[in-house]
Amino acid sequence: MERSITSREAYGGVSARNRGRVLYGAQRMVARPASTGGAYPNFVNNGGPVVTSPRLFTSFWGASWQAGAAQKAAATRLNQFCADLLDSGFMNVLAQYGAGTGKDPSGVTGTSTIASLSGQLTNTAIESAIQSAIGAGTIPEPPPANASDMLMIFLDESIEVKDSGLGIVMCEPTGDTAFGFHDFFTTAKGNPFYYAVVPALTDACLQSSCPTGDSGCSLHLSATQEQRRTQVSSHEFAEMVTDPQLNAWYDPQNGENGDICNGKSDTITAGSNSWTVQRIYSKYDDVTTNGATYCLAQAASPEPLQ
């Protein structure tokens with residue numbers, strides 16, 4: 001059993017409270033589709049929006065990202081990972097959920113660093129910081145006609161996340177429940193804003209999150225910090241694209257497409273770069289193989305719409 005967040009999922013998705021709030025409204029307004037075959041027949045589109053043309057902006061929070069050559073190089077590598085992820089067969093798996101048409105080399109639109117943030121953040125504080133950055137021009141406002149812009153936030157070692165209301169505790173000395181999450185809010189201009197948060201994922205962070213030992217954890221001490229970050233961010237990206245407002249593709253019992261394959265790492269190659277990612281759930285493969293295969297890191301071509 002992988003390490004879980006609030007008894008739901010290890011490092012993906014949103015809090016149980018937030019998902020319950022959104023699910024309740026969706027279930028009242030949208031008729032649930034009929035179940036289909038495979039190991040996870042209840043993984044369906046519940047009527048919410050999907051990001052149809054993914055565009056990703058990265059933001060690095062905390063002063064240490066600019067503190068030296070090694071930290072700057074780490075940020076550069078993570079930006080390259082995001083670009084390679086969107087230009088890889090990983091996107092061919094997501095295509096079946098209406099999330100684009102496969103590889104997209106233009107998917108990463110820019111990056112920023114916000115050095116002033118440190119200490120303990122709540123989710124409300126994160127959204128407030130995003131809104132302030134939008135006002136300052138550090139993070140772009142999503143265009144009104146384009147609900148496909150997303151933000152991937154990478155935190156440095158000085159920033160912890162603790163939101164008791166949502167059940168999210170990341171990289172605190174004790175009580176950790178998550179390795180990452182994604183959520184959304186409406187900006188001051190009335191546009192939906194989708195974002196994911198990936199903490200520093202140091203050895204101490206993993207040990208606080210997995211006090212019973214490495215073997216039961218979704219991330220492992222044998223992996224480098226970069227590998228942990230790329231594994232988690234691929235998980236969050238897949239969920240943010242296919243379930244951006246927490247009411248689209250998911251299984252009520254087993255969660256989003258990252259959760260079903262949680263902790264199943266793999267490697268993708270783009271040019272001379274090899275990256276650690278997490279496999280994601282493929283409904284197409286689940287149904288066509290009758291449940292024999294359903295966790296994929298990539299596909300050779302865009303998979304058929306489900």
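## A buried cysteine

C82 is buried, at a relative accessible area of 2%. Buried means under 20% relative accessible area, exposed over 50%, and partly exposed in between (1.4 Å probe, protein chains only). This is a predicted model: local features need pLDDT of at least 70, side-chain atom pairs count only at pLDDT 80 or more, and totals for chains, interfaces and linings use all residues. Residues are numbered from 1 along each chain as its sequence is written, and side-chain values use heavy atoms, with hydrogens and water left out.

## Disulfide count and pairing

The count is 3 disulfides, a disulfide being a pair of cysteine sulfur atoms within 2.5 Å. With the bonded cysteines of the protein chain numbered in sequence order, they pair 1-2, 3-4, 5-6.

## C171 and C205

The sulfur atoms of C171 and C205 lie 2.2 Å apart in a disulfide. The S-S torsion is about -80 degrees, so this link is left-handed. C171 sits in the loop between β7 (168-170) and β8 (181-186), and C205 in helix α5 (residues 203-209), so the bond ties together parts 34 residues apart in sequence. Helices (H or I, at least four residues) and strands (E, at least two) are DSSP runs, numbered from the N terminus. Both C171 and C205 are buried.

## C210 and C217

C210 bonds to C217, S to S 1.9 Å. The torsion here is about 45 degrees, so the disulfide is right-handed. C210 is buried at 9%; C217 is buried at 2%.

## C261 and C295

C261 and C295 form a disulfide, S to S 2.1 Å. Its torsion is -95 degrees, left-handed. C261 is buried at 0% relative accessibility, and C295 is buried at 14%.
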